[in-house]
Amino acid sequence: MGSESESVSPPVLTVEGISVWLSGRPILQDVNFRIQAGEFTGLIGSNGAGKTTLLRVILGLETPASGHVLVAGRPRSPRNPLIGYVPQKILLDPDMPLRARDLVGLGLDGHRFGMPRRSSVQKELIAEMLDAVDATSFADARVGNLSGGEQQRVLIAHALISRPRLLLLDEPLANLDIRSEQEVVELVARISAEQQIAVLISAHDMNPLLPVMDRVIYVAAGRVASGTTEEVVTTEALSLLYGHHVDVVRINERILVVAGRDTAVHHHSDFRAQWP
Amino acid sequence: MAVMAPGSLAPVFEPGFFSSSPVHVALIVGGVVAIVSGVVGTFTVMRGQSFAGHSLADIGTAGGSAAFLVGISPLYGFVAMNLIAAGVMEMIGIRRPRGRDLATGIVLGAALGLAALFLYWDTTHSSTTGATINVLFGSIFELPSSLVPVIAVFSVVATGIVLVAYRPLLLSSLSPDLAATRGVPVRLVGIGYLIALALAVSLSAVTIGAILSTALLIGPAATALRLTKRAVPAMLIAAAVGVAATWLGILLAYDSYDWLPRHQPWPVSFFVVTIVFVSYLVTHLYVGRSARHRRHPVAARVA
């Protein structure tokens with residue numbers, strides 16, 4: 001899939017032959033995919049499939065046993081300003097003395113030593129970012145007192161303020177109510193389109209992402225299949241990926257993946273889940 | 001405080017309060033230590049490491065009692081023991097949330113065993129309970145003025161670490177992964193913070209005692225976090241609450257000599273800890289009520 005759509009500029013993200021072992025168990029096996037500028041990609045898979053591990057490899061937090069990651073055509077550096085990251089778990093106790101505005105500011109200079117002294121230009125940039133994610137109305141509230149959706153928006157602003165070309169979001173929709181879920185998806189899609197930022201967003205349920213997703217990377221049993229939803233999310237393709245039969249059911253433009261009873265395609269050990 | 005004219009305030013300030021050298025040293029050291037505790041403690045509360053802080057204090061008793069045994073100031077024993085303990089806790093895995101309590105608990109148990117041995121020897125060798133009282137409950141009126149420069153150096157180092165690493169520390173408290181992707185040396189920052197914590201705990205152990213030093217570390221910080229939603233003001237408020245509690249505690253302890261017919265002074269630690277506790281309680285009740293009112297507009301907007 002990636003080879004035919006190859007453009008003049010290198011892909012924003014190239015993942016080649018990534019395998020990861022943790023405590024003697026294979027977590028990811030020979031994972032390959034590319035993400036082009038401005039693409040909105042969903043990283044889909046059930047809990048424990050290896051989504052977070054894959055994101056950690058891309059972020060440089062986990063060292064793969066083999067393979068490599070290129071960001072904008074170059075080996076990734078430890079601190080890569082081209083990647084913006086929205087983690088799944090963040091300590092936001094209501095007692096945390098941190099306003100939404102402060103958290104966004106930390107995206108700008110959180111790695112610097114010394115006490116912060118921000119210029120008026122920087123303060124304006126922080127205000128712009130808060131505005132871009134519709135967070136101006138609660139910019140001065142404690143982050144810990146905000147709702148889950150509001151916190152996600154502030155974290156997105158935190159990630160975007162360093163002007164990344166790739167935005168990684170780890171399960172941003174987990175624990176959100178349906179309306180905030182929709183708001184977050186629309187916001188990320190809008191920013192991706194407006195600023196030509198590539199997005200890789202992990203989720204265990206692909207349905208909220210279906211209206212905006214350009215491509216899907218489906219993770220199951222440590223292997224991935226990537227392509228458009230039509231290519232990847234089919235009974236055949238996912239059965240091969242899982243190594244046992246699953247049914248893909250489409251109802252009212254929503255997709256359900258359910259375990260099937262047919263065991264015809266059991267254990268394809270030689271299967272390499274790639275759609276070139 | 002020391003330059004105020006004592007005459008008109010005689011009923012509050014007992015005669016001799018401002019002319020007494022131990023009182024001078026106590027006011028200076030107590031104030032400095034309260035500032036360090038406030039600054040470091042704010043991060044201790046934020047990082048959810050209150051247990052580690054308290055454990056360091058308890059662990060320090062092994063060092064403090066050993067120092068007493070060989071005849072040097074317990075301060076050196078506290079600092080040495082706490083730095084070692086902080087290093088061991090870091091190695092066992094204080095970075096992992098689940099490893100943290102375990103690491104702390106294991107080191108704590110071993111150190112308390114040593115403390116029991118040393119305190120026993122202190123008591124039997126010198127045939128006095130002075131060591132135990134000094135180590136566990138502080139010795140703010142017995143500090144030699146020669147120790148003041150040493151305390152100043154430790155204080156500057158502890159506060160300096162927190163202020164210099166302020167932003168990386170804040171970011172890695174929120175999420176170590178997020179901080180790492182931003183290029184923060186998370187582990188180095190964590191170790192730096194543990195050193196600051198070890199020093200802060202050691203300093204308050206010599207003023208209000210190893211057992212009670214957590215009160216000065218956690219109490220003012222917890223009070224401050226109720227009063228402000230920003231980290232820098234929180235550190236300033238925590239320091240101010242700590243200084244006020246310590247100075248008031250010293251004054252009351254000095255005055256308390258005449259409170260009972262037996263003429264026996266009450267310990268400073270008791271007053272400091274009680275003032276810290278009451279100030280937290282009052283803020284908790286007061287802010288708890290008004291915070292509920294403030295939350296409503298936001299909740300209404302979301303719904």
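Before going on, a word on the model: it is predicted, with local features needing pLDDT of at least 70 and side-chain atom pairs counting only at pLDDT 80 or more, while totals for chains, interfaces and linings use all residues. Residues are numbered from 1 along each chain as its sequence is written, and chains are lettered from A and ligands numbered from 1 in the order in which they are written.

Back to the strands. Strand β1 (residues 13-22) of chain A and β2(A) run antiparallel, joined by seven bridges. Helices here are DSSP runs (H or I, at least four residues), as are strands (E, at least two), numbered from the N terminus; two strands pair if DSSP finds at least two bridges between them. Put together, you get an open, antiparallel sheet of four strands in the order β2-β1-β4-β5 (chain A). β2 (25-35) and β5 (74-75) of chain A each have a single partner strand, so one side of each edge strand is left without a neighbour in the sheet. Across β1, β2 and β4 (66-71) of chain A lies helix α1 (residues 51-59), running at about 120 degrees to β1(A). Axes are lines fitted to C-alpha atoms, for helices over the stretch in contact, with angles from 0 to 180 degrees between N-to-C directions.

Now zoom out. Chain A is assigned domain 1 (1-82 + 164-224) and domain 2 (92-163), with bounds from an automatic or database domain assignment. Their centres, taken over C-alpha atoms, are 24 Å apart. Where they meet, 13 residues of domain 1 of chain A are in contact with 13 residues of domain 2 of chain A (contact means C-beta atoms, placed from the backbone, within 7 Å). On the domain 1 side, helix α5 (residues 178-195) of chain A gives the most, with six residues.

Next, a helix pair: α2(A) and helix α4 (residues 148-160) of chain A pack at about 30 degrees, with axes 7 Å apart. That makes α2(A) roughly parallel to α4(A), a label for angles under 35 degrees. Among the residues making the contact are Leu103(A) and Leu106(A) of α2(A) and Val154(A) of α4(A).

Finally, the contact between the chains takes 30 residues from chain A and 28 residues from chain B. On the chain A side, β6 (83-86) and α2 (100-109) are the elements that give two or more residues, and α2(A) gives the most, with three residues.

Definitions and conventions. Two residues are in contact if their C-beta atoms, placed from the backbone, lie within 7 Å. Angles under 35 degrees count as roughly parallel, over 145 as roughly antiparallel, 65 to 115 as roughly perpendicular and the rest as oblique.
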